[in-house]
Amino acid sequence: MTIKPTVRIADRKLVVKERTILTNVPENVVAAAAESTEGVFLGAVFDQDSNSHVVSLGTLRDVRFLACFRFKLWWMAQKMGEKGGDIPLETQFLLVETKDGSHLESDVSGDDENKIVYTAFLPLIEGPFKACLQGSTERDELQLCLDSGDADAVASAFTHTVYVASGTDPFKTVFEAMRAVKSHLGTFKLRSEKKLPGFVDYFGWCTWDAFYQEVTQEGVEAGLESLKSGGTPPKFVIIDDGWQSVAADDEQQQQEKQEMGAPRLLRLTGIKENSKFQNEENSIGIKNIVSIAKEMHGLKYVYVWHAITGYWGGVKPGEGYESAVQYPKVCKGVMENEPGWKSDVLALQGVGVVNPKNVYKFYNELHSYLTQSGVDGVKVDAQCILETLGGGLGGRVELTKQYHQALDASVARNFSDNGCIACMSHNLESLYCSKQTGIVRASDDFFPRDPVSHTIHIAAVAYNSVFLGEVMLPDWDMFHSVHPAAQYHGSARAISGGPVYVSDAPGKHNFDLLKKLVLPDGTILRALLPGRPTKDCLFSDPARDGVSLLKIWNMNKYNGVLGVYNCQGAAWSSVERKNIFHRTNSEAITGYVRGRDIHLIRDVALDSNWDGNVAVYAHTTGALATLPYNVAMPVSLKVLEHEIFTITPVKILAPGFCFAPLGLIDMFNSGGAIQGLNYDLKAENGSGEAVALVYVEVKGCGRFGAYSSTKPKRCTVGSSGVEFKYDSDSGLVILNLVEMPLEDQKVHNVGIEL
């Protein structure tokens with residue numbers, strides 16, 4: 001018996017689960033079988049060899065899609081649409097939804113014909129070529145673009161340039177597709193297979209927006225002390241750009257370049273720190289501030305910044321490692337999206353590229369010096385620049401692969417905790433050539449002085465995480481705790497599942513806000529997964545359509561967390577090629593939240609016969625409600641407003657006795673505090689009356705809240721009874737955990753008797 005592939009090309013159509021996704025598929029587009037019947041590889045055959053090709057994959061219409069595309073060389077953002085002509089240049093991830101079926105039907109088991117079908121298109125790397133997708137308004141074509149970045153790296157036949165997979169669960173479809181791609185390429189690992197560095201579970205501080213390149217040892221000390229003094233001690237620091245030894249080209253070269261109107265470009269002159277981080281009394285260098293941070297301020301991790309080429313301008317020729325200046329050649333799609341590259345300082349003055357055969361030596365010598373100084377890891381920036389420097393070096397994929405293999409080997413050798421953060425790395429070469437790095441910055445920077453950027457940032461990190469979150473843990477970037485959008489940014493970091501850190505200048509902190517993120521011991525309540533848009537938000541446009549709110553879901557051990565954001569009014573413009581404000585409704589937009597918005601909420605219900613009821617607690621208003629799984633509750637928000645909901649499955653202990661713990665309700669991710677949960681039902685000695693006992697292990701301190709259908713008879717912390725408040729209208733129980741648990745206990749043992 002022959003099993004018909006779920007995804008296949010038949011009669012010049014791409015058919016997915018008997019639904020036609022693409023029509024008019026050209027004859028030179030070929031399909032290759034995948035290990036799974038749920039997927040297929042696409043390629044194309046051309047008439048002649050070239051280092052770049054464009055081919056139509058077919059006509060795409062009457063769908064809804066989410067595209068993650070590069071609007072800059074370094075970074076992706078999201079775009080939604082309904083046809084091939086809407087797909088932007090440099091699309092690296094495409095998720096398509098058929099319009100058959102409905103979201104409410106999609107949970108019915110065994111009813112595939114009525115379920116919505118999701119199709120993931122993943123452009124790949126094949127040989128020296130990198131693939132991406134784009135749309136054409138002529139016939140609404142979905143086009144495949146192939147580029148090697150080297151005039152000598154040519155080919156005419158491709159068999160595995162795009163992987164297409166399908167399913168009825170969008171998140172599972174993406175995961176399974178990425179797993180198939182990993183198996184095929186063998187050049188990267190999934191997030192779930194990588195070691196996460198320990199700093200992700202602690203609060204941190206980055207020097208960048210506090211000092212930019214003017215960072216000093218004294219400034220680092222001041223920042224650490226300032227945060228510690230307010231009761232939110234950082235446990236990791238990233239010493240960003242500004243610590244390295246750099247210099248411009250010699251005077252004659254520099255003068256010639258400045259006469260041409262080019263700004264000064266700096267290049268790395270050595271692996272050691274500059275004079276700002278050298279102690280006049282001795283020569284211990286950056287080790288001094290590392291020791292101060294750990295011994296005097298209680299830090300666990302110190303990271304430092306460097307570019308993947310050493311510095312922005314690379315390594316200065318003549319300083320070792322056989323560095324030579326190479327001039328970036330930006331591919332057509334990036335140049336159209338980011339035309340400023342024509343006059344960029346890197347394009348005009350070039351990058352000092354370490355000879356690939358010496359790049360491991362370079363990384364190892366740099367990282368071993370840092371390790372000897374007590375540094376625990378590195379933030380490796382500007383990674384996408386490598387794709388522009390492959391001319392004469394085998395092409396964009398080959399150069400990136402050589403650099404990442406060297407970086408992986410050096411990080412594995414020198415940083416035992418896998419201490420590496422990838423930044424400015426949103427090209428497929430970087431993502432698909434890294435087996436080691438576990439953390440990736442999820443979007444363009446937090447720009448404290450750019451009002452157009454803040455709603456754009458939250459939307460971008462959420463949608464990019466649908467793709468990036470399968471390869472690495474997305475880092476939603478630093479933010480300022482004193483800022484008009486501080487609560488907006490801070491709450492998003494709390495539910496991101498990634499690191500939480502600020503870039504406040506010393507003395508400029510909102511500790512009331514920070515204490516919603518950070519416990520007194522410097523730990524955070526990190527959610528378990530990458531935060532991603534809810535299923536019903538995947539294909540709506542919360543930045544541009546004027547009517548949609550963005551909902552972001554994540555999981556804790558025993559409940560879920562849902563953030564709702566109004567991100568309307570600003571987005572990247574395909575006309576102006578930059579982020580701009582656009583006209584939007586200044587009034588509040590109303591959206592709806594449901595228990596089902598937490599995609600894996602059933603997985604944390606402790607009752608196999610759970611009836612679907614959830615307790616929903618709103619962080620900002622303090623309101624508590626219980627709802628059936630699919631019943632909607634309205635929420636109205638103006639631009640730059642947000643709300644965070646803790647959503648917990650309700651446990652029926654006995655008729656009339658229902659309970660759902662919420663966690664530390666003054667924290668943004670309150671449910672992250674719950675580390676253990678057990679229920680017990682027994683008869684009271686003598687009376688025969690049923691007694692329900694709830695045991696909750698709680699990390700941290702503060703107000704602990706829970707839903708209870710009846711007023712508790714008694715609450716205990718450890719073996720001691722404690723006072724509690726009960727609101728009979730909402731069922732909200734609150735008791736106060738005054739102090740942190742004893743160090744050897746790690747959690748409070750809270751008991752509630754009903």
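Predicted model: local features only at pLDDT ≥ 70, side-chain atom pairs only at ≥ 80, totals over all residues.
Residues are numbered from 1 along each chain as its sequence is written, and side-chain values use heavy atoms, with hydrogens and water left out.

Let me begin with the interior. A nonpolar core here is a set of buried Ala, Val, Leu, Ile, Met, Phe, Trp, Tyr and Cys residues joined through side-chain atoms within 4.5 Å, where buried means under 20% relative accessible area, exposed means over 50%, and partly exposed lies in between, with a 1.4 Å probe and protein chains only. The largest such core has 158 residues, and those with the most contacts inside it are Tyr-432 and Phe-645. Helix α11, residues 453-468, gives the most to this core, with 8 residues; helices (H or I, at least four residues) and strands (E, at least two) are DSSP runs numbered from the N terminus. If we set aside the neighbours of Phe-645 within four places in sequence, its contacts (heavy atoms within 4.5 Å) include Gly-560, Val-561, Tyr-617 and Met-633. There is also a second, separate core of 32 residues, which includes Val-16, Val-25, Ala-67 and Leu-144.

Next, the aromatic rings. Rings of Phe, Tyr and Trp (for Trp, its six-membered ring) pair if their centres lie within 6.5 Å, with planes under 30 degrees apart counted as stacked, over 60 as edge-to-face and the rest as tilted. By that criterion, a search of the whole structure finds 24 aromatic pairs. One of them is the tilted pair of Trp-74 and Trp-341, at 6.1 Å centre to centre and with 45° between the planes. Trp-74 lies in the loop between β7 and β8, and Trp-341 in the loop between α6 and α7, so this pair ties together parts that are 267 residues apart in sequence. Trp-74 counts as buried at 9% relative accessibility, and Trp-341 is buried at 3%.

What, then, encloses helix α12, residues 486-495? Of its 10 residues, 9 are buried, so the helix is largely enclosed by the rest of the structure. The cover over those buried residues includes α11, β26, α13, β28, β29 and β36. After α12 comes Gly-497, with a positive phi near 85°.

Finally, the charged side chains. A salt bridge is a side-chain nitrogen of Lys or Arg within 4 Å of a carboxyl oxygen of Asp or Glu, and a search of the whole structure finds 30 of them. Arg-70 is buried at 0% relative accessibility, and Glu-387 is buried at 3%. Asp-597 and Lys-551 also form a salt bridge, with the closest N and O atoms 3.0 Å apart. Because Asp-597 lies in the loop between β32 and β33 and Lys-551 in strand β28, that pair ties together parts 46 residues apart in sequence. Lastly, salt bridges that share partners join Arg-70, Glu-90, Lys-130, Asp-147, Glu-387, Arg-396 and Glu-429 into one network.
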